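Subject: Structure for you to look through

Hello,

Please find the structure below, followed by notes on what was found in it. Keep the model open while you read.

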Amino acid sequence: MYTIQTNASATRSLDISEENLQTIQKYALFQHLIDSNGIVDESVLDKLKLNIRSLIASAEGNCKDLLDLCIDVIYHNNMKSFGLHQLVLLYIRWEKEQEEKTEE
């Protein structure tokens, strides 16, 4: 379990599970999400929400992992652009850890 800050004053946080990170990886949710300027703002969060809605709507099978990600993280009341930026940074660190584990 990981914890990220969801606001700049560090008064709100959000727990991120290993399963949440695996779901992000499975569906490549962060790929091509952020523009070349590298800024994560509310429009990026809205884009992610629309991408996930589209995936759920077009899913023929079980998409419980996406629904869990939505409920636990993406549509959580504390999730704003600052939190999404922290989630992206956590995902990058987590992905590097996964690569290191497979190399060993």
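Helices (H or I, at least four residues) and strands (E, at least two) are DSSP runs, numbered from the N terminus. This is a predicted model, in which local features need pLDDT of at least 70, side-chain atom pairs count only at pLDDT 80 or more, and totals for chains, interfaces and linings use all residues. Residues are numbered from 1 along each chain as its sequence is written, and side-chain values use heavy atoms, with hydrogens and water left out.

Salt bridges

A salt bridge is a side-chain nitrogen of Lys or Arg within 4 Å of a carboxyl oxygen of Asp or Glu. The structure has 2 of them. In one, Asp 68 and Lys 64 meet at 2.7 Å, N to O. Both residues belong to helix α3 and are 4 residues apart, about one turn of the helix. For accessibility, buried means under 20% relative accessible area, exposed over 50%, and partly exposed in between (1.4 Å probe, protein chains only). Asp 68 is partly exposed at 27%, and Lys 64 is partly exposed at 48%.

Lys 26 pairs with Asp 65, with 3.1 Å between the closest N and O atoms. Lys 26 is exposed, at 58%.

Aromatic rings

Rings of Phe, Tyr and Trp (its six-membered ring) pair if their centres lie within 6.5 Å; planes under 30 degrees apart count as stacked, over 60 as edge-to-face and the rest as tilted. The whole structure contains 2 aromatic pairs. The ring centres of Phe 30 and Tyr 91 are 5.4 Å apart and the planes are at 90 degrees, so this pair is edge-to-face. Phe 30 sits in the loop between α1 (18–26) and α2 (42–58) and Tyr 91 in helix α4 (residues 81–103), so the pair ties together parts 61 residues apart in sequence. Phe 30 is buried at 14%, and so is Tyr 91 at 9%. Ring pairs join Phe 30, Tyr 91 and Trp 94 in a cluster.

Glu 42

Which residues does Glu 42 contact, leaving aside neighbours within four places in sequence? Contact means heavy atoms within 4.5 Å, and the residues are Lys 80 and Ser 81. Glu 42 lies in helix α2 and is partly exposed at 37%. Its side chain reaches the backbone nitrogen of Ser 81 at 3.0 Å.

Regards

How values were computed. A polar contact is a pair of N or O atoms within 3.5 Å; within protein, one must be able to donate a hydrogen and the other to accept it, and residues adjacent in sequence count only if both atoms are side-chain atoms.
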